[in-house]
Amino acid sequence: MRATFTFKGELNDFLAHSLKNNTFSLEFAPHQSLKHLIESLGVPHTDFGRVLVNGQETHPDRRMQEGDQVTVYPADAPLEGEPCFLLDNHLGQLATYLRMMGFDSLYRNDYQDEELAEVSCQEGRILLTRDRRLLMRKQIRLGYCIHQTDPRQQAVEVLNRFKLPGQVKPFQRCLRCNSPLQVVNKQDILERLEPLTKIYYEEFRICPSCNQIYWKGSHYGHMLEMIETMAAQAEGGLGG
Ligand SMILES: [Zn+2]
């Protein structure tokens, strides 16, 4: 039995070279579902959205039929509520950028794949990874395969995919451990401040978990500029 497939947009990145940006024919066994065939071509179920079969929107669990013409679109549904991420071991710098922008981004450099899958399920976190095989695990419902290799471009990619530029809130989250920051009275941390910081700054925040202190010094201006650049690139529709 045979069907034809067309993949749209960035989904082509997942396909073998000869299949990219092409409509191609594929042989399948009678019991195979759309989802099964799409994943067998390298596209994880977390990353595709609408599937049209002969022009009709169709559930991915449907079994394939002879002569089906299948068109697959990238997932682009916006998030419901606050975004909540879990990042794979190789995405440490991206985790820092997402925290900088105020997004809840759980990251450790020693999670095993099994743990990542479990935490993503239990806490309803969107698993970000460059490992598409990890996203093909059945239990994972929320995930996204990062295509870019440069961490800033990865941040732009995440802003785009989840339509987040309007939700960026700098100075809200600890860059080291992801906890939400709390306002702290300058008097209470005075002995921990450098002499010049004591003189020039009045507004401080502290991480309740790791005790790191934050203030809007020159590093803060630099960070804001970086965030603005990334958000502007995202709104400009990179990767469209
Ligand atoms: Zn912290």
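Predicted model: local features only at pLDDT ≥ 70, side-chain atom pairs only at ≥ 80, totals over all residues.
**Exercise 1. What spacing do the donors of the zinc ion follow along the chain?**

Step 1. Find the donors: the zinc ion is coordinated by the SG atoms of Cys-174, Cys-177, Cys-207 and Cys-210, at 2.3 Å.

Step 2. Read them along the chain, and the donor spacing comes out as C-x2-C-x29-C-x2-C.

**Exercise 2. Work out the geometry of the zinc site.**

Step 1. Look at the angles among the four donor atoms, which run from 96 to 124 degrees.

Step 2. Tetrahedral calls for all angles between 85 and 135 degrees, so check the range against those limits.

**Exercise 3. Decide whether Ser-179, Cys-177 and Cys-210 are buried or partly exposed.**

Step 1. Use the cut-off: buried means under 20% relative accessible area.

Step 2. Ser-179 has a value of 13%, so Ser-179 is buried.

Step 3. Cys-177 has 28% and is therefore partly exposed. Cys-210, at 25%, also counts as partly exposed.

**Exercise 4. Describe the surroundings of Ser-179.**

Step 1. Locate the residue: Ser-179 lies in the loop between helix H5 (151-161) and strand S10 (182-184).

Step 2. Leaving aside residues up to four places away in sequence, Ser-179 touches Gln-172, Arg-173, Cys-174, Cys-207, Pro-208 and Ser-209. Two zinc ligands, Cys-174 and Cys-207, are among them.

Step 3. Finish with the side chains: those of Ser-179 and Ser-209 are joined by a polar contact of 2.6 Å.

Note on methods:
Residues numbered from 1 in each chain as written. Heavy atoms only, no water. Helix = DSSP H or I, 4+ residues; strand = E, 2+ residues; numbered from the N terminus. Buried < 20%, exposed > 50% of the residue type's maximum accessible area, 1.4 Å probe, protein only. Polar contact = N/O pair within 3.5 Å; in protein donor to acceptor, adjacent residues only side chain to side chain. Contact = heavy atoms within 4.5 Å. Donors = N, O, S within 2.8 Å, 3.2 Å for Na, K, Ca; no water. Tetrahedral: all angles 85-135°; square planar, octahedral: opposite > 155°, others 65-115°.
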